[in-house]
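Visitor: I'm new to this one. Could you walk me through how to read it, a feature at a time?

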Amino acid sequence: MTKLAASAWPKADLASVGMPAATVSLAELSTGDLAEAVHAIKNGHCYLDWRLFQFALSMFDHVQAVSKNVAVTQRSILDLEAQTALELQMSLDSTDHFARSLLDDAVCARDRLPAVFSTMRLGLIDRARFHRIVSETQLVRDDETMALIDQTLALQIMGLRGGVSSMSITKTGHMARKLVAEYDPDAEKLDRDRAKASRNVGFQALDSGMAQISITATAEDVRLVRQMLDAVIAGLCPADPRTKAQARSDAAIALLQRIPFTCHCESDGCTAQISDVQLDTRAARIVVHVLCDATTLDGGDQCGYLDGYGPVSGDHVRQIVERDDSVIHQHDLGDLLEPDSAADPIGDDDLDEAAVHRKGPRPDSPDECRADGARPDPKIDKSGTVASESDDETSPPLRFLIANTALPSDPYRPSLLTDLVARFLWGTCSIPGCERAAFACDLDHVAEFDNICPSQGGPTCVCNLLPKCRFHHLMKTHLTGFLDELWIDENGRYHSSVTTPGGITVELLAPNQWLFPQLADLRCRHQLAQQAATGTATSSLADGPQRSRTRAAAKHARRRAQRTANYEERAAERTRQVAAEEAATWAEYDAARELGEPPF
């Protein structure tokens, strides 16, 4: 008989795994030190989940080894899984459902997702994220396809092959769903058909005289309903005492019961606009955005992206297109391009040299952001150039740059195509961990636009625009020490980073660059521009002491200087570490696969 011992964790020395020693007072630690400790706990959580899976599988193997007749047992209600789940349930002080779910995930880690499982040991995903991947890939039956998805997912989780560095549970599910739709569209369609067949309306009694209703429907219908409810409550006057959540609840009940939705301000001067005519006007502006490649509409398997939901298969995109309320708008990335008139025709070597400018400095004039140039030939090769119209095969090709990104009438406003690309590149609010849909966000100039003198501010371009929800936009604007950045690396990948007032920096890749593979081969005009010299105004002593710039201008200058310093530091660090980093990652990955610990 084994009696489970009391916890030994309080006595353990955790300093060796990145946490503060027990003798250190937490009040003495800086925000950065505390952040490192929290990150160490996250890594430890992932590692312990990895070990828990191993122990669960070893327990399962032991139960199977001592079973007298495995074949007979497997046909019994009390099969080996049920027996193992009982042992796990007792060990974890959990329920039978939790224990069975843990064992199912562990078996999947061994049999279907061994490469993804190894990333748990590296501290990259925990059991919750692994379980989401299991759910998204459960209908893939072909072993070779499953192995391909497993290997690709593992590489993407490690930040390779187009992976993302913001691994929320939602974005982890997006990665897996996209690969299933790409590599096994039949499994994705089967999963979606099964899910659609199970749509329903659920009711649940809650405490204090309340109850809950839940409606399961297609993602696009739910997005439409959500926006419809927001359109209804948008007509309430500012004096209405309800929160948005409360108002949405009342609006949904009113619509379902077909009764009037009224304002609760109880004011004689109520300014609410909730009549049917006013509501119809707002409802007519509701749009659910879906982006896909043109080949998808012709029957291709390339995924699309539904704003507020995530990747959807090509078959799902075509079903949305067939709706009576769907409207198709065709766009061409070539509309953003113009010839680089300031440069001679170039070859591949020159383009590679120019591509190392990872961030876009300010343009020399606002005209550089205007869409005045003629539309170029949209047939662009991988080097970002087009074939010369001349019959002389020795003529070097012209270089085309991303340049027509702002409205000709207003350099502050992005063109429609620039707006779409900037939003879909990131999919959600660009602050890591925020899942606010991109089209419900503000489109923010990372380097602040100067409305008085546009040439002195950040450009209106995909190299300087990030979607931010209103809350995080306010943080960026008003919180001292908050710094965000956007740059494009030598491989054409779009990166952003956020530094908090406490000094914590989080960096991530644009999660949806797979929607715009051509962007990696194109270069932005602002990437290639030279840093413009800037000066400060001087004042006469006779005028008395004055500022050389406003407080806002000084804040923006500090941010520009900090971004420049960060860029130079990243470039130097990247040059030193890129080779060693890839070698170390693969070495650790191979070591994780060859540990030799049962059952691995």
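Guide: Keep in mind that this is a predicted model.

Visitor: Which residues of α4 are buried?
Guide: To count as buried, a residue needs under 20% relative accessible area. In α4 that picks out Ala-99, Ser-101, Leu-102, Leu-103, Asp-105, Ala-106, Cys-108 and Ala-109. These buried residues pack against α1, α3, α5 and α6.

Visitor: Let's take α1 from that list. What span should α1 have, and how far apart are its ends?
Guide: Use the same rule of 1.5 Å a residue: the 36 residues of α1 should span 52 Å, and its end C-alpha atoms are 52 Å apart, which agrees. Its buried residues include Trp-50, Phe-53, Leu-57 and Phe-60, along with Asp-49 and Gln-54. The buried residues of α1 pack against α3, α4, α5 and α6.

Visitor: How do I describe the way α1 and α4 cross, and at what angle?
Guide: Compare the axes of the two helices. Here α1 (residues 31-66) and α4 (residues 96-111) have axes that come within 9 Å and cross at roughly 95°. That angle makes α1 roughly perpendicular to α4, because 65 to 115 degrees counts as roughly perpendicular.

Visitor: Which residues meet there?
Guide: From α1 come Leu-52, Phe-53, Ala-56, Leu-57, Phe-60 and Asp-61; from α4 come Leu-102, Leu-103, Asp-105, Ala-106, Val-107, Ala-109 and Arg-110. Sorted by type, the residues of this contact are 10 nonpolar, no polar and three charged.

Visitor: And what angle do α5 and α6 make?
Guide: Their axes come within 10 Å and cross at roughly 170°. That makes α5 roughly antiparallel to α6, since angles over 145 degrees fall in that class. On the α5 side the contact uses Val-116, Phe-117 and Met-120, and on the α6 side Arg-127, Phe-130 and Ile-133. That gives five nonpolar residues, no polar ones and one charged.

Visitor: Is Arg-127 buried or exposed?
Guide: Check its relative accessibility: at 14%, Arg-127 counts as buried. Arg-127 sits in helix α6 (residues 127-137). Leaving out residues up to four places away in sequence, Arg-127 touches Asp-49, Phe-53, Phe-98, Ser-101, Leu-102, Asp-105 and Met-120.

Visitor: What about Thr-119: buried or exposed?
Guide: Thr-119 belongs to helix α5. With 0% relative accessibility, Thr-119 counts as buried. Beyond residues up to four places away in sequence, Thr-119 touches Leu-124, Ile-125, Ala-154, Ile-157 and Met-158.

Visitor: How should I think about nonpolar cores?
Guide: In soluble globular proteins, nonpolar side chains tend to be buried together. In this model, the largest nonpolar core has 37 residues, and those touching the most other members are Phe-53, Leu-113, Val-116, Phe-130 and Leu-153. The elements giving two or more residues to this core are α1, α3, α4, α5, α6, α7 (143-157) and α8 (169-183). Apart from it lies another core, of 31 residues, including Ile-402, Val-462, Ala-510 and Leu-515.

Visitor: Which residues does Val-116 contact?
Guide: Setting aside neighbours within four places in sequence, Val-116 is in contact with Ile-125, Phe-130, Ile-133, Asp-150, Leu-153, Ala-154 and Ile-157.

Key: Residues are numbered from 1 along each chain as its sequence is written. This is a predicted model: local features need pLDDT of at least 70, side-chain atom pairs count only at pLDDT 80 or more; totals for chains, interfaces and linings use all residues. Side-chain values use heavy atoms; hydrogens and water are left out. Axes are lines fitted to C-alpha atoms, for helices over the stretch in contact, and angles run from 0 to 180 degrees between N-to-C directions. Helices (H or I, at least four residues) and strands (E, at least two) are DSSP runs, numbered from the N terminus. Angles under 35 degrees count as roughly parallel, over 145 as roughly antiparallel, 65 to 115 as roughly perpendicular and the rest as oblique. Contact means heavy atoms within 4.5 Å. Ala, Val, Leu, Ile, Met, Phe, Trp, Tyr, Cys and Pro count as nonpolar, Asp, Glu, Lys and Arg as charged, and the others, Gly among them, as polar. Buried means under 20% relative accessible area, exposed over 50%, partly exposed in between (1.4 Å probe, protein chains only). The expected span of a helix is 1.5 Å times one less than its number of residues. A nonpolar core is a set of buried Ala, Val, Leu, Ile, Met, Phe, Trp, Tyr and Cys residues joined through side-chain atoms within 4.5 Å.
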